[in-house]
Amino acid sequence: MSGTPPSTRPWAQPVPGRPWSTGGIPDAAALPVTVPVAWLGRTSTEDAQDPTLSLPRQLRNARAALPPGWVIVAHFYDVESGRKELRERGNSLAHQQFQIPIPRDGSVADLLDEAQRPDRRFAAVICESIERVARRTYFGTKIEYELEQAGVALCAADEPIVTGPRAKRATPTLTRRVKQAVSEWYVLQMLELSWDGFIEHVSQGWNVGKPPYGYLAEKVPHPVPARRAEGRTKHRLVPDASRAPAVTHIFQLRGLDKLGYDAIADRLNLDPVAYPPPQPTRPDMALHRWSGSAVREILRNPKYTGYQVWNRRATTKGGCYNDPKDWVWSPQPTHEPLVSKELFDVASTVARKRQGSRTAHGPNSHPATRRSYVLRSYVICEICDRHMFGKNRHRISYYACQVDPNEHRESPWFREHPKSLWVREEFLITPVSRFFATHVFGPDRRTHLKAALEAARVADGPGDRTAKERAALEQAVKAIGERQARLIRTLADGGPDPDQEKEFRDAIRQEHATLGRQRTELAEQLARLEAPKQAVHPADTAALLDALPYLNIDLTLVPEELQRRLYNAFGLEVRYSRPREEVTLRVTIPGHLLDGLVAVTRELDPWNKESGARTEVLAPDHGTRDGQSRQNRRIRSHSLGAPGGEPTMSITAFTARRARTLRLAAVGLTAVAALTLTACNSSEGTGTESEGKADSSTSAPADQTSGSGGASDAKKGGGTEQAGSSKDGAKGSEGAKGSGGSGGSGGSGGSDNSEQEIGPCDINKLTVGVKSVQRPVNYMVLEVNNHAGVDCNMPGYPILKFGEDAQAATPVYEDSKPQAVVTLAPGETAYAGIRTSSADGSGQNGYKATSLEVFLQGSDDSKSVELPGGSVYIDETAQVTYWQSDLSNALD
């Protein structure tokens with residue numbers, strides 16, 4: 001038939017104006033020719049029906065219903081669900097698993113493709129019943145419509161097949177639509193009844209599927225006599241004595257050490273006898289070792305908590321995981337748990353928290369790597385909630401957060417995020433160490449706990465920052481809703497140009513979808529903010545705290561590997577908030593991991609100082625600036641706890657930068673106490689590449705300061721910046737053509753004017769020296785002499801680094817700040833006093849420094865200075881004054 005010209009085949013083209021008509025199909029009684037027909041069959045998934053029986057039956061019934069002269073010339077069939085999306089139909093290869101005695105010309109998709117061709121082999125399509133085409137009415141009628149548009153009628157063996165140009169179609173069409181609707185209703189009803197049956201099945205504690213690794217199946221005879229007679233059973237889960245310990249160990253490695261899947265698998269493979277590898281359903285697929293995917297499957301299975309859980313994975317779409325909110329849990333535990341639910345919840349959050357970060361300590365494997373970052377994976381940008389990455393510039397380590405407009409433009413935080421955020425590593429490590437020394441391992445930790453619980457009660461009032469954050473989120477959600485409403489009104493009004501109507505509507509729909517995603521993210525943030533806090537029980541939290549040993553230790557002296565093990569065990573988070581000028585330190589002591597925490601802390605014993613010694617980290621009170629007292633400083637609280645019975649204690653601290661002083665507001669359990677610790681008296685701990693928003697076009701990063709500062713390098717020409725480092729701002733005064741821009745408080749860029757502003761001094765054009773003095777005791781004086789030939793300003797105070805291993809710069813003595821910036825004419829000298837240690841010997845954490853490196857604020861350049869006598873003793877009471885024009889003021 002394929003060689004017959006189209007003009008001799010009356011079924012080749014649809015009847016003009018009547019695509020639904022069967023007039024294109026020859027009347028079997030009027031024409032003695034053979035009518036070619038394609039058969040369409042479908043059976044459900046291979047585990048629900050037997051295709052070797054169902055498909056031959058469908059073909060037999062379809063052939064028996066054909067009028068005389070109609071012959072089946074092509075066979076199209078699939079083994080797949082009829083509820084699939086139409087675009088997904090015909091992709092199944094399940095028919096290859098069976099020896100079906102019917103030749104196959106293709107799938108339903110191939111049938112539709114051939115129907116559109118002028119040389120198709122058939123004039124009509126027949127199926128056993130119309131529901132075999134699709135189980136959803138919409139898809140069934142769509143297939144029928146596409147065939148009729150091509151001039152191909154869709155017939156069913158259980159319906160009358162009428163032919164001829166005057167055939168009645170009204171009643172057969174009504175009958176077909178009723179059958180399709182009833183078929184869809186029946187499927188939905190069966191799905192709902194089956195769903196309810198599975199829920200009851202799970203509630204009674206019966207397991208569905210193969211027992212997970214670590215459990216065995218305790219078989220019970222089936223309660224239905226007929227099925228029991230067939231030998232069918234149900235089963236519950238009981239622990240496997242040889243494999244259950246491996247499951248518990250896996251969750252502990254994940255929850256305590258925060259190891260990745262492959263790292264856990266490597267640990268287990270070291271002892272395959274104690275931790276037997278899992279056996280797959282198909283023995284020929286066994287690896288005989290642990291793999292990262294096997295570990296992942298265990299960590300994602302909630303049945304290890306003792307609850308029966310069903311509907312974790314979809315039966316369609318490749319068996320992907322369903323959203324956890326769609327899982328069906330038994331109301332109560334039904335079998336012996338191998339891990340607590342609290343530990344399972346902790347392990348479930350590790351992947352999100354350590355996304356994009358390596359498990360191992362030390363430098364990565366890249367050949368260009370020169371150093372590692374001890375706080376890698378712990379520092380988080382508060383604006384975008386992403387991990388900040390390590391960056392080294394001029395031998396100074398930072399943690400930075402940068403945005404990519406191409407990737408992040410649609411994120412709700414994009415407009416508020418500067419192009420780049422920077423914070424120096426040394427100004428984070430020292431507060432972390434002091435925090436652990438006082439509030440976790442210190443002898444006064446119970447005192448901090450008591451104060452913290454009281455602060456938590458006070459800070460939860462309506463004036464708390466949480467209320468402001470809630471109001472801001474509600475306002476943002478409302479604003480997005482209003483924008484969506486305006487878009488809908490614009491879409492209803494239509495575009496100005498009818499020729500571009502489709503592009504206009506598509507653009508509005510895309511913008512509306514983008515706003516919808518932003519609104520969903522903000523709503524989730526609001527829901528987390530409004531989630532009820534777990535009640536704090538002082539007795540429980542105190543018991544957790546008392547279980548930890550007392551340690552007099554400086555973590556900055558502990559090897560990086562052990563530091564990271566400790567930080568992982570305590571779930572350290574260091575959150576940097578650029579808008580609030582704060583750094584939040586948070587650690588958690590979960591009761592279900594307490595034994596592991598104690599074991600990790602015991603590894604610190606070699607660095608524990610002598611018994612009875614006490615680390616005093618509170619710097620002497622030299623007052624505060626602008627008349628602000630310690631008691632008036634802002635305090636905040638955060639209560640964290642694990643759901644369930646076991647107590648969890650969260651310790652939070654804020655490091656807030658006030659003007660030019662970086663301070664650590666120490667806190668206790670679940671709250672912030674009204675106690676301020678000086679962490680580092682320097683404004684150079686943080687920085688931004690742009691004080692503008694993320695879409696600003698700005699330039700060089702600010703290596704030092706978080707304040708705005710300066711303009712583009714005027715030596716390189718004109719142009720302006722939103723912000724840069726004070727160093728860059730100073731360069732504008734060196735006389736370039738064009739505008740150097742303005743940078744705010746960190747200094748102004750110069751311009752091509754006759755009267756130029758005085759810029760900051762360049763340390764390379766200064767003579768720098770240090771000498772001892774008799775009075776006061778344990779003091780030195782730093783002297784700098786200007787030999788640049790022009791006037792220059794000495795910014796703030798010197799940044800001093802005593803010793804190559806120093807983790808932080810020497811804090812500043814705030815009361816020494818002069819009324820005006822010290823300006824040095826050529827040949828003049830500026831002074832800064834240095835207290836190296838306490839006069840009475842009460843200072844702790846002392847060490848002998850054999851080198852001194854001096855930096856100026858706003859500059860990466862430095863000078864090494866020879867110390868008097870070759871070395872000097874430094875303890876934690878060391879301080880430096882602001883630059884002074886008179887020596888007596890530096891020593892006052």
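Visitor: So what share of the contacts with a separation of 6 or more comes from residues 24 or more positions apart?

Guide: That share is 70%. Keep in mind that this is a predicted model.

Visitor: Noted. How many helices and strands are there?

Guide: There are 19 helices and 29 strands. The protein has 892 residues, and 47% of them count as buried.

Visitor: Where does Y186 sit, then?

Guide: Y186 is in helix α4, which covers residues 170-203. Its relative accessible area is 43%, so Y186 counts as partly exposed.

Visitor: Switching to sheets. In what order do the strands of the open sheet with 4 strands run?

Guide: The order is β2-β1-β3-β4, with parallel pairing. The edges are β2 (70-79) and β4 (153-156), each pairing on one side only. On average, neighbouring strands in this sheet are turned by 25° against each other, direction ignored.

Visitor: Which helix packs on that sheet?

Guide: Helix α1, residues 51-64, touches β1, β2 and β3, and its direction makes about 150° with that of β1. As for β1 (residues 35-43) and β3 (residues 124-127), 3 bridges join them. W39 stands opposite I126 in β3.

Visitor: OK, charges now. How many salt bridges does a search of the whole structure find?

Guide: 28. One of them links R176 with E159, with the closest N and O atoms 2.8 Å apart. R176 is in helix α4 and E159 in the loop between β4 and α4, so the pair ties together parts that are 17 residues apart in sequence.

Visitor: Are those two buried or exposed?

Guide: R176 and E159 are both buried. They also belong to a network of salt bridges that links E144, D158, E159, R176, R177 and K179.

Visitor: What about R575, which partners does that one have?

Guide: One is D385, where the closest N and O atoms are 2.4 Å apart. R575 lies in strand β13 (residues 573-577) and D385 in the loop between β9 and β10, so this pair ties together parts that are 190 residues apart in sequence. The other is E573, with the closest N and O atoms 3.6 Å apart.

How values were computed: Residues numbered from 1 in each chain as written. Predicted model: local features only at pLDDT ≥ 70, side-chain atom pairs only at ≥ 80, totals over all residues. Heavy atoms only, no water. Helix = DSSP H or I, 4+ residues; strand = E, 2+ residues; numbered from the N terminus. Buried < 20%, exposed > 50% of the residue type's maximum accessible area, 1.4 Å probe, protein only. Contact = heavy atoms within 4.5 Å. Pairing = 2+ DSSP bridges. Axes fitted to C-alpha atoms, helices over the stretch in contact; angles between N-to-C directions. Salt bridge = Lys/Arg side-chain N within 4 Å of Asp/Glu carboxyl O.
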